[in-house]
Amino acid sequence: PLDVAVIRLPRISNFTDFSMLDQYPAIGVRYVQSVQELEKPDLIILPGTKSTLADLLWLRQSGLEAAILKLSHAGVPVMGICGGYQMLGRTLSDPAGSEGGGVLHGMGLLPVDTVFSAQKTRTRFKARVTASDFAGAELDGYEIHTGKTTVEGESFCILENGQPDGCVSGKVFGTYLHG
């Protein structure tokens with residue numbers, strides 16, 4: 001089967017994002033917490049998290065960030081959802097202290113920068129994927145996140161209100177849409 005490795009962040013949220021993948025016998029979903037468990041999957045997913053900055057630091061300390069970067073550079077696709085999407089960017093800044101404060105360099109796989117705020121976005125959306133590998137796919141999901149992400153690249157999808165969402169760079173994809 002297609003081997004999908006979901007990174008089991010310490011503060012993972014929205015587990016239901018991946019339950020649909022279990023319905024397809026040609027897809028094997030594994031939750032991994034270490035470099036040894038990661039191996040060489042066909043797709044890596046960085047899920048949402050309740051604490052993006054803390055989980056990004058955990059990725060670094062566990063060695064998973066370096067392993068993901070190495071696999072990405074070798075052509076393995078990487079998908080980030082919500083906090084995982086933010087981690088894939090260049091910088092994560094928290095001037096209001098909503099995530100503990102400070103600035104961290106992201107993984108640098110997407111040309112995006114995120115500034116956290118105390119205000120949480122909670123919105124339901126339909127969207128159409130524009131990213132070439134998935135172009136035309138219809139999505140029905142929701143956003144629940146803090147902060148604003150500035151994108152300097154191709155968007156992943158267009159929301160029903162006409163606004164772009166997410167970012168794509170090569171085989172790296174990110175979106176705020178859950179579900």
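Where does Cys82 lie? Select Cys82 and you'll land in the loop between strand E4 (78–81) and helix H4 (83–87). Keep in mind that this is a predicted model. Cys82 isn't a glycine, yet its phi is positive, about 55°. With a relative accessible area of 5%, Cys82 counts as buried, because that is under 20%.

Now jump to Glu39, in the loop that links helix H1 (35–38) and strand E3 (43–46). Here's another non-glycine with a positive phi of about 55°. Is Glu39 buried or exposed? Exposed: its relative accessibility is 58%.

Next, colour the sheet. Six strands make up an open sheet in the order E2-E1-E3-E4-E12-E11, and the pairing is mixed. At the edges you'll find E2 (27–32) and E11 (167–169); each has a single partner strand, so one side of each lacks a neighbour in the sheet. From one strand to the next, the twist averages 15°. Zoom in on E1 (residues 2–7), which runs parallel to E2 and is joined to it by six bridges. Val4 sits opposite Val29 of E2.

Last stop: the largest nonpolar core, with 49 residues. Ile7, Leu38, Leu59, Ile68 and Met107 touch the most other members. Show the surroundings of Leu59: leaving out residues up to four places away in sequence, its contacts include Ile7, Leu46, Ile68, Met87 and Met107.

Methods
Residues are numbered from 1 along each chain as its sequence is written. This is a predicted model: local features need pLDDT of at least 70, side-chain atom pairs count only at pLDDT 80 or more; totals for chains, interfaces and linings use all residues. Side-chain values use heavy atoms; hydrogens and water are left out. Helices (H or I, at least four residues) and strands (E, at least two) are DSSP runs, numbered from the N terminus. Buried means under 20% relative accessible area, exposed over 50%, partly exposed in between (1.4 Å probe, protein chains only). A nonpolar core is a set of buried Ala, Val, Leu, Ile, Met, Phe, Trp, Tyr and Cys residues joined through side-chain atoms within 4.5 Å. Contact means heavy atoms within 4.5 Å. Two strands pair if DSSP finds at least two bridges between them. Axes are lines fitted to C-alpha atoms, for helices over the stretch in contact, and angles run from 0 to 180 degrees between N-to-C directions.
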